[in-house]
Amino acid sequence: MPIAAADKWEQIALLAEGSLAEVPYATLLLAMSRAGRTGVLELRRKPVEKRIVFAAGVPVDCRSNLVHETFGRFLVGAGKLSNEELAVSLGESLSRAVPLGEVLLERGTIDAGELYKLLQQCLARKLLDGFTWREGTFRLSDEEAPADSTLKVKVPQLILTGVLKLTPLEEVTRGIRPLFAEALALHESSHAAGDELQVRGPAAEVMAALREKPLRMDELAVRLPSLPANDLGRIVYALSLLDLIGPASRAPVKRPAPAVASTPAAAPRVEPAESPQVALRPAAASAMPVNESGTFAVEAPAAPASAEVEQTRNRILQAYLAYRRRDAFELLGLRDSASTPEIEEAWLRYAKLYAPWPLEPHAPADLVDKARALFLAGSDAYAELRDGERRAMLVHRRQLALAQRANQPRGTGIHTDLLDPEAQFRKGMELLAANQEKKALELLQYAADLDAQNPVYRAEAAMCRFRVHGDATKPLEELDEAVRADPRCGLAWYYLGVIQGKSARPVEAEESLRKAIRLMAPDRRPIDALKELTAKKR
């Protein structure tokens, strides 16, 4: 089944199962979003499994069997916790059967505002991983989505970032092939509505050029000479998926534009402010709007908030994160045996804390919406506890759940590193140091496949492949993808320069090595490699 046109989204959203080679991940996300579907999208690529939960077309949760995608490991990667702190907090989380985030809030390790951002970023990173899949299968079901998630992801922004940074080049090439036939122009797109999408950098330049007049792909390339052909192809593919551009013969000329920021001439690659060790690090991989580099960025307040406003914000966010998984008793902070006067007093206290109307004159709309959701949930909880029959049923369910938890083994955890890319990478590097390059390549490639957003894994695997096989084609492709995922990965630039130099591409090699020198200082390896390259040229 080819990549679908706009009128096929509903049909795709109704598919029961299929192959990602035929219906790419980005297309599935858009179909679920445009159809407003609620359910579960299961992805499988042995041995990796993912379950993405949608509520009315919005991804609200993503679970996988990858160790590095757990929230705890995410926090360690973001520098928010040490491994030792994670072990202690995770032990308490398991023993008490409460989410790790709540334990961290109680310990004062993190405040509610930062926790909410980090949870959004973790979800975004797990969703972005799907863009790296070259193969696999999917299954769509109408399974009732859990109602305990308060997170949401803006699908259009996710699509734009995922395609520009992570989608395999062969998928991009296949997707833009039909667009070479005629000139491209701006299109009407429901994805541009509201704050669902911000287009910046080179993508904004492409849209600005097409706003002036329709252009063919070759004319766009001439109009934007600083933009490499592969980057232009990615941009066109992403914007066409979002119906922002398309064949001029089917384009309404006037359309409301999404938030577009004009920038200076586009650089071949954009450098986000992330660590050179991890692509799209948690601190820069929010599910919120992107920054100028096209990566996810954390929302910042328009002006410094007062201590009182910040305290109110944290209180609302902390309650908002947990309210959907709490029953009426828990929400109002009551015992099963609470009397009617106690219920009334609890409800009044709760209403005073989360009433939305006092916030409306000065608080952000998003915070007011969260307070409104809390207030309505508290109102429902009060109504449930005042209804004798409903309260009795709730008490019965709580007793059953308590008995079930008492019979479950405690302290269980992951006992295998099979799907832990960090462990596989560490073993591969040990084998490499022992000159067992062929065995090392298997583990390094496995680590890179499990966590394709990590440019270090991809760089080491690519260089090891070059050492083992001698052919530069595949390693150069992998290193090019690694520096796209994270342009600040000095190691990937260094290996790219080394292989380019050995492949009679001295100009490109020199450029790559100079970038590596800036990023890897004080490591002298790229300096020595550049000296060797210069000596050969002489």
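Gly501 is partly exposed, with a relative accessible area of 29%; buried means under 20%, exposed over 50%, and partly exposed in between (1.4 Å probe, protein chains only). The model is predicted, so local features need pLDDT of at least 70 and side-chain atom pairs count only at pLDDT 80 or more, while totals for chains, interfaces and linings use all residues. Residues are numbered from 1 along each chain as its sequence is written, and side-chain values use heavy atoms, with hydrogens and water left out.

Gly501 lies in helix H21. Helices (H or I, at least four residues) and strands (E, at least two) are DSSP runs, numbered from the N terminus. Leaving aside neighbours within four places in sequence, Gly501 is in contact with Ala509 and Leu533. Contact means heavy atoms within 4.5 Å. The C-alpha atoms of Gly501 and Ser512 are separated by 9.8 Å. These two residues are 11 residues apart along the chain.

H21 covers residues 490–502. At 1.5 Å a residue, its 13 residues should span 18 Å; the end C-alpha atoms are 19 Å apart, which agrees. The expected span is 1.5 Å times one less than the number of residues. H21 is largely enclosed by the rest of the structure, because 11 of its 13 residues are buried. Among them are Trp493, Tyr494, Tyr495 and Gln500. The buried residues of H21 pack against helix H19 (455–469), helix H20 (473–485), helix H22 (506–520) and helix H23 (525–537).

Helix H11 (residues 229–241) also has 13 residues. H11 is mostly covered, with 11 of its 13 residues buried. The buried set includes Asp231, Arg234 and Tyr237. Just after H11, Asp243 takes a positive phi of about 60°.

H19 also meets helix H17 (residues 421–433). The two axes come within 11 Å and cross at roughly 35°. Axes are lines fitted to C-alpha atoms, for helices over the stretch in contact, and angles run from 0 to 180 degrees between N-to-C directions. The crossing of H17 past H19 is left-handed, a term used if the near helix is turned anticlockwise from the far one by less than a right angle; clockwise is right-handed. On the H17 side, the contact involves Pro421, Glu422, Phe425, Met429 and Leu432. On the H19 side are Val456, Tyr457, Glu460, Cys464 and Arg467. These residues divide into 7 nonpolar, no polar and 3 charged. Ala, Val, Leu, Ile, Met, Phe, Trp, Tyr, Cys and Pro count as nonpolar, Asp, Glu, Lys and Arg as charged, and the others, Gly among them, as polar.

Most residues other than glycine have a negative phi, and most peptide bonds are trans. Asn435 is not a glycine, yet has a positive phi of about 65°. Asn435 sits in the loop between H17 and helix H18 (437–450). At 65% relative accessibility, Asn435 counts as exposed. Ala504 likewise has a positive phi, of about 60°. The loop between H21 and H22 holds Ala504, which is exposed at a relative accessible area of 66%.

One joins Lys46 and Pro47, with omega about 0°. Pro47 is in the loop between strand E2 (39–45) and strand E3 (48–55). Another joins Ala521 and Pro522, with omega about 10°. Pro522 is found in the loop between H22 and H23.
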